[in-house]
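Dear colleague,

Please find below the structure that I was asked to pass on to you.

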Amino acid sequence: MSQHQRSRLHGKPALDLPPPFRLVTLREVGDAFAHAKTVAADEGAGTLVYVGRFDLVEFAVVLEPEEPLKTARRTLYAGLAALADALAVHAPPERPIAIDWPDAVRVDGGLVGGARLAWPAGADENEPPPWLVLGVMIRTVAMGEAEPGLTPLAAALEQEGFDDLGSGRLVESFARHFMVAIDAWQESGFGEIAKNYLARLAPEKGMRRDLADNGDLLVRRMGKAEVERRSLERALTAPSWMDPESGGPRR
């Protein structure tokens, strides 16, 4: 599908995505992440599955990395850095966009959602995986019966002043930032991605944080020689930002 080809969802024009993305749209009851994993082997890299919802930005991208799975998981960081950059472009003044390692996104301290990563079961750590799926979910409108202020750790883009940012526009902006990130990774290595991602982590006094070659987080405390290592692979088994009951961002 070319950049200018159109598909339709409830009568709306397709998203305007840069090459090589190919759009697949699902109705509101769809699950972008699950669908992308199901079709990844057949549809291939560049497939972007989008669910047309008004309360959530929900989409997933199929990738076919050329490096071994054990290092390709760092794709999560490229995706989150691109997502944070896309949000920052549309954010009201002085609304900081931050990331909780490894996968959660906050706006002005409130959790809005995050990203997750999947790969084929049994894939060899030392070989490029047949596919990866990067899924994203961001809360745009607060739903439910909770009164304002009862969930101070949760947020929605509408509440944070993103009045003119529809879900489609955020996906389009993400796609462009993500392609810039992937191009930079391929041309110059992972260093710039790591720098961008680490700069988005909420600061912790007296700590220095780095990313290992396999994506693990390395934490060094000032004045101490030992390094704490936090496993990315283990952390990805359950998204930190997701409510397992609702399937959406935690409240």
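The notes below concern a cavity and a pair of helices.

Please bear in mind that this is a predicted model.

Rolling a probe the size of a water molecule over the atoms shows where empty space is left. In this model, two cavities of 30 Å³ or more were counted. The second largest cavity holds about 40 Å³ of space. Its lining consists of Ala32, Phe33, Glu58, Phe59, Arg116, Gly135, Val136, Met137 and Trp241. Two or more of the lining residues come from each of α1 (32-43), β3 (56-63) and β7 (132-139). Of these elements, β7 provides the largest share, with three residues.

A pair of helices

Two packed helices are described by the angle between their axes and the distance between the axes. How do the axes of helix α3 and helix α4 cross, and at roughly what angle? The axes of α3 (residues 75-90) and α4 (residues 167-188) come within 8 Å and cross at roughly 135°. The two helices are therefore oblique to each other, and their crossing is right-handed.

On the α3 side, the residues making the contact include Ala78, Ala82, Leu83 and Val89. On the α4 side, Leu170, Phe174, Phe178 and Trp185 are among them. Taken together, the residues of this contact divide into twelve nonpolar, five polar and two charged.

Yours sincerely

Notes. Residues numbered from 1 in each chain as written. Predicted model: local features only at pLDDT ≥ 70, side-chain atom pairs only at ≥ 80, totals over all residues. Heavy atoms only, no water. 1 Å grid on protein atoms, 1.4 Å probe; cavity = no way out; pocket = protein on both sides within 12 Å on 5 of 7 lines; lining within 4 Å. Points joined across faces, edges and corners; volume = space filled by probe spheres on them. Helix = DSSP H or I, 4+ residues; strand = E, 2+ residues; numbered from the N terminus. Axes fitted to C-alpha atoms, helices over the stretch in contact; angles between N-to-C directions. Parallel < 35°, antiparallel > 145°, perpendicular 65-115°, else oblique. Left-handed = near helix turned anticlockwise from the far one by under 90°. Contact = heavy atoms within 4.5 Å. Nonpolar A, V, L, I, M, F, W, Y, C, P; charged D, E, K, R; others polar.
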